[in-house]
Amino acid sequence: MLQEFETTTIENINAVTMSASAVEAVRSILNERKLEGYSLRVYVSGGSCCGVNFGMALDNNARENDLTFRSDDIQVIVDSESIEYLKGAKIDYINDPVRGAGFTVDSPSKVKSGSYSCGSE
């Protein structure tokens, strides 16, 4: 049995924005795979001394502590812990001839505070 949870919908804040190319790429993937009713989930997938890493997935199951908002016609889901690292983030889709195509997340909150830097002793 599926349990329904209430999620919080964020309106009129810039928690996470998506470039036009990112919106189009997600829309294209959802259409190609016929994933009606799915959202883009963005989350923290680990970290190191240099900051955190972000992950993305297509998801049709909002959870109890999720926050949801729209970027154009794409619904975005972020869990309540990841939102702290994603405030002000911009998701982009790039197609670089050398490195290939893919999504990037540029977040002003991704670097841990402090004076430690990767590789220093």
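**Figure 1. Tyr93, with a relative accessibility of 29%, counts as partly exposed in this predicted model.** The cut-offs explain the label: a residue is buried under 20% relative accessible area and exposed over 50%, and is partly exposed in between. Phe103 is also partly exposed, at 30%. A pair of aromatic rings is described by the distance of the centres and the angle of the planes. How many aromatic pairs are there when ring centres must lie within 6.5 Å? The count is one aromatic pair. Tyr93 and Phe103 make up an aromatic pair, with 5.0 Å from centre to centre and 65° between the planes. The pair is edge-to-face, because planes over 60 degrees apart are given that name. Tyr93 belongs to strand β7 (residues 89-96) and Phe103 to strand β8 (residues 100-106), so the pair ties together parts that are 10 residues apart in sequence.

**Figure 2. Strands β2, β7 and β8 form an open sheet.** The order of the three strands is β2-β7-β8, and their pairing is mixed. Which strands stand at the edges of the sheet? They are β2 (16-18) and β8; each has a single partner strand, so one side of each is left without a neighbour in the sheet. On average, neighbouring strands of this sheet are turned by 20° against each other, direction ignored. β2 and β7 run parallel and are joined by three bridges. Val16 stands opposite Ala89, a residue of β7. Helix α1 (residues 20-32) lies across β2, β7 and β8, and runs at about 75° to β7.

**Figure 3. Strands β5 and β6 run antiparallel.** Strand β6 (residues 74-79) is joined to β5 by six bridges. Of the six residues of strand β5 (residues 66-71), five are buried, so β5 is largely enclosed by the rest of the structure. Two of the facing positions can be followed here. Ser71 stands opposite Ile74 in β6, while Phe69 has Val76 as its bridge partner in β6. The two strands form a hairpin with two residues between them. Asp72 sits in the loop between β5 and β6.

**Figure 4. Ile74 is a residue of strand β6.** Is Ile74 buried or exposed? Its relative accessibility is 4%, so Ile74 counts as buried. Which residues does Ile74 contact, leaving aside neighbours within four places in sequence? They are Met18, Val23, Val26, Arg27, Leu30, Leu40 and Phe69. One of these contacts, Arg27, shows how the fold brings together separate parts of the sequence. Ile74 and Arg27 are 47 residues apart in sequence, and their C-alpha atoms are 7.2 Å apart in space.

**Figure 5. Ser71 has its place in strand β5.** With a relative accessibility of 9%, Ser71 counts as buried. A polar atom of the Ser71 side chain lies 3.5 Å from the backbone nitrogen of Met18. Neighbours within four places in sequence aside, Ser71 is in contact with Thr17, Met18, Val23 and Val76.

**Figure 6. Lys34 and Asp72 have positive phi values.** Most residues other than glycine have a negative phi. What is the phi of Lys34? Its value is near 55°, although Lys34 is a residue other than glycine. Lys34 is placed in the loop between α1 and β3 (39-48). Its relative accessible area is 73%, so Lys34 is exposed. Asp72 is not a glycine either, and has a phi of about 60°. Asp72 is exposed, with a relative accessible area of 60%.

Figure 7. In what order do the elements run from the N terminus on? The order is β-β-α-β-β-β-β-α-β-β. The chain has 121 residues, of which 30% count as buried. Its accessible surface is about 8,200 Å², and 45% of this belongs to carbon and sulfur atoms. Among contacts between residues at least 6 apart in sequence, 55% join residues at least 24 apart.

Key
Residues are numbered from 1 along each chain as its sequence is written. This is a predicted model: local features need pLDDT of at least 70, side-chain atom pairs count only at pLDDT 80 or more; totals for chains, interfaces and linings use all residues. Side-chain values use heavy atoms; hydrogens and water are left out. Rings of Phe, Tyr and Trp (its six-membered ring) pair if their centres lie within 6.5 Å; planes under 30 degrees apart count as stacked, over 60 as edge-to-face and the rest as tilted. Helices (H or I, at least four residues) and strands (E, at least two) are DSSP runs, numbered from the N terminus. Buried means under 20% relative accessible area, exposed over 50%, partly exposed in between (1.4 Å probe, protein chains only). Two strands pair if DSSP finds at least two bridges between them. Axes are lines fitted to C-alpha atoms, for helices over the stretch in contact, and angles run from 0 to 180 degrees between N-to-C directions. Contact means heavy atoms within 4.5 Å. Accessible areas come from the Shrake-Rupley method with a 1.4 Å probe; for residues, only the protein chains shown count as cover. A polar contact is a pair of N or O atoms within 3.5 Å; within protein, one must be able to donate a hydrogen and the other to accept it, and residues adjacent in sequence count only if both atoms are side-chain atoms.
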